Amino acid sequence: MIKVSQLTKKFGSHLSLDNVSCEFKKNESIALMGANGAGKTTLIRSILGYYHPNYGEVLINGLNPVKERVKVLESISFVPQLPPPIKLNLDELMQYISISAKVDKDLIMHYANEMKLDVKENLYKSFFKLSGGMKQKMLIAISLAKNSSIIIYDEPTANLDPKARDDFYRLLKQNEDEKILLFVTHRLEEVKDLVNRQIYMDLGKVVSDERL
Amino acid sequence: MKNLILIAYLDLKESIRAKWFVVYSLVFGGLIALFFIAGVTESQVMGFSGLSRLLLMYIQITIVILPIFILITTVRSISGDRDNHILEYMLSFPISLKQYYWGKVIGRFITVYIPVVFAMIIAIVYGAFKGAIIPWSIFFLYTGLLFALSSAFLGIAFFVSSFVKSSEVALGIAFFIWIFLLAFIDIALISLMMQQRFNEELIILIAMLNPMEIFRVAAISLFDPELTVMGPVAFYILDSMSQSVFILVSIGYPLTIGLVFAFLGFKIFEKKDLV
Ligand SMILES: Nc1ncnc2c1ncn2[C@@H]1O[C@H](COP(=O)(O)OP(=O)(O)OP(=O)(O)O)[C@@H](O)[C@H]1O
Ligand SMILES: [Mg+2]
């Protein structure tokens with residue numbers, strides 16, 4: 001369970017999160033929506049424990065993600081908005097993940113395969129040399145292989161072709177049971193079948209929160 | 001522990017593939033090759049010849065270029081990864097900040113230290129092959145000094161990297177630190193000395209707080225145990241400690257500086273937002 005209470009985050013004088021409170025429970029799939037700059041990414045990063053809040057707190061299964069980051073992150077899979085220019089090759093990246101997060105390399109390969117990404121072909125290629133869509137497929141494969149109870153996606157489909165999007169939603173549908181799925185998106189129609197709750201943010205506040 | 005090794009190992013692998021590492025290794029390897037080609041081992045200057053002479057020249061050039069190399073390549077490590085969102089992804093896995101940071105430090109240390117020592121080993125092996133006498137004590141002293149110098153500047157670089165905002169500023173700071181320690185302190189102290197406002201002991205003490213300076217003095221101390229080339233300064237140094245203590249200080253002190261700065265960098269890294 002994720003519990004966000006009165007969370008406030010400022011950057012300089014800019015208020016990115018303004019007293020946000022919400023709870024996410026097991027078996028909820030949430031579409032997190034809102035205009036550019038509304039604070040969606042900031043909220044997600046706070047859940048991951050990257051920011052020290054100005055006020056309020058986040059608790060993941062009762063734990064503070066800043067202070068207990070290792071325990072908290074064991075139960076979270078995350079795909080960021082922009083795939084980072086990681087210089088490791090795919091083999092090294094998988095090694096990093098398999099050792100640090102105890103994820104099976106073969107399982108990553110399996111999901112990559114399902115996403116139509118040939119990992120074996122690109123094993124010794126730097127991650128940042130993959131195409132934008134291939135990068136996202138790789139990160140998605142990793143996130144599914146990690147098999148966490150909380151899955152957080154910050155607009156992961158931006159660079160995916162329509163076929164890959166379908167593959168992605170199909171895989172997600174198979175994997176969402178008993179989990180929290182938090183999905184930032186600008187296209188609700190795409191994730192309609194997947195989500196059962198939608199939250200709108202604007203100017204750092206939650207402006208609507210409805211169950212479908 | 002296994003995460004620490006993992007991060008150090010992956011950072012090392014990544015660095016070794018990087019272009020700067022190739023240039024870096026070529027510079028130090030090339031330096032040694034150049035000395036042999038130029039016949040440094042055959043020449044005799046100030047009474048030292050052979051490999052000792054070569055190592056002394058090598059260390060004197062290394063004192064100047066190693067710090068700037070380390071600073072420039074390392075000063076952006078953490079801040080660069082933060083800027084381009086690598087941290088955002090890599091730290092979404094269950095790795096403690098301690099393991100991540102110190103893993104990076106260790107990986108980077110190995111990367112910068114190995115080529116400079118390796119170049120010396122090549123010199124020793126090649127020299128031995130040509131029948132030169134191997135100056136072991138100098139070799140071990142320099143291995144230790146390079147270890148200390150690398151750690152001092154690596155620590156400073158990680159410290160800067162932990163708070164600096166943009167790459168340009170990071171490079172600017174790196175260059176400033178280098179020039180400052182290399183020349184400005186000396187120039188300032190010489191002018192103070194000439195004005196005779198402060199007593200010499202104080203000025204020498206300040207000069208010796210500079211790790212680059214202590215390194216310079218230590219590098220010649222085996223050739224010249226009385227430190228005669230330094231003039232009256234030697235009197236103060238050897239008056240306050242014996243030669244062996246001085247050598248220990250010259251290794252221990254920069255090492256401590258490196259660790260202290262690296263630790264401060266870690267504290268800042270931990271306190272600041274990660275992305
Ligand atoms: N590190 C930062 N430093 C300064 N300001 C920031 C930082 N991160 C976010 N902001 C500001 O916080 C606000 C919210 O940003 P955020 O990235 O959370 O928006 P978003 O809802 O994810 O938008 P988008 O749909 O474009 O991804 C923006 O005004 C942004 O400029
Ligand atoms: Mg965003």
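Begin by selecting both chains: 33 residues of chain A are in contact with 30 residues of chain B. This is a predicted model. Show the surface of the two partners. Together they bury about 3000 Å², and 62% of that is on carbon and sulfur atoms.

Now pick B:E88, B:Y89 and B:P94. These residues of chain B lose the most area to chain A, together 23% of what that side buries.

**Across the interface**

Between chain B and chain A, 16 residue pairs are in polar contact, both residues at pLDDT 80 or more. Four salt bridges also cross this interface. Select A:K9 and B:D273 for one of them. Their side chains meet at 2.7 Å, N to O.

Next, colour the side of chain B that touches chain A by residue class. You will find 16 nonpolar, five polar and nine charged residues.

**Ligand 1**

Move to ligand 1. Select the shell around it: 14 residues, of which A:S16, A:K40, A:T41, A:T42 and A:Q81 are the closest. By class, the shell around ligand 1 holds four nonpolar, nine polar and one charged residue.

- A:G37: a polar backbone atom lies 2.8 Å from an oxygen atom of ligand 1.
- A:K40: an N or O atom of the side chain is 2.7 Å from an oxygen atom of ligand 1.
- A:T41: a polar side-chain atom sits 2.6 Å from an oxygen atom of ligand 1.

How much of ligand 1 does the protein bury? Taken alone, ligand 1 exposes 640 Å², and the protein buries 67% of that.

Switch to the cartoon view. In chain A, strand 2 (14-24) and helix 1 (40-47) are the elements that give two or more residues to the shell around ligand 1. Helix 1 of chain A gives the most, with three residues.

**Salt bridges over all chains**

Zoom out. The structure holds 24 salt bridges over all chains. Side chains of opposite charge can pair when their charged atoms come close. For a pair within chain A, select A:K26 and A:E178. Their side chains meet in a salt bridge at 3.6 Å, N to O.

Trace the chain on either side of this pair. A:K26 lies in the loop between strand 2 and strand 3 (28-34) of chain A, and A:E178 in the loop between helix 6 (162-175) and strand 7 (180-184) of chain A, so the bridge ties together parts that are 152 residues apart in sequence.

Key
Residues numbered from 1 in each chain as written. Chains lettered and ligands numbered in written order. Predicted model: local features only at pLDDT ≥ 70, side-chain atom pairs only at ≥ 80, totals over all residues. Heavy atoms only, no water. Near = heavy atom within 4 Å. Polar contact = N/O pair within 3.5 Å; in protein donor to acceptor, adjacent residues only side chain to side chain. Areas by Shrake-Rupley, 256 points an atom, 1.4 Å probe, with all protein chains shown as cover. Helix = DSSP H or I, 4+ residues; strand = E, 2+ residues; numbered from the N terminus. Nonpolar A, V, L, I, M, F, W, Y, C, P; charged D, E, K, R; others polar. Contact = heavy atoms within 4.5 Å. Buried area = accessible area lost by both parts, 1.4 Å probe.
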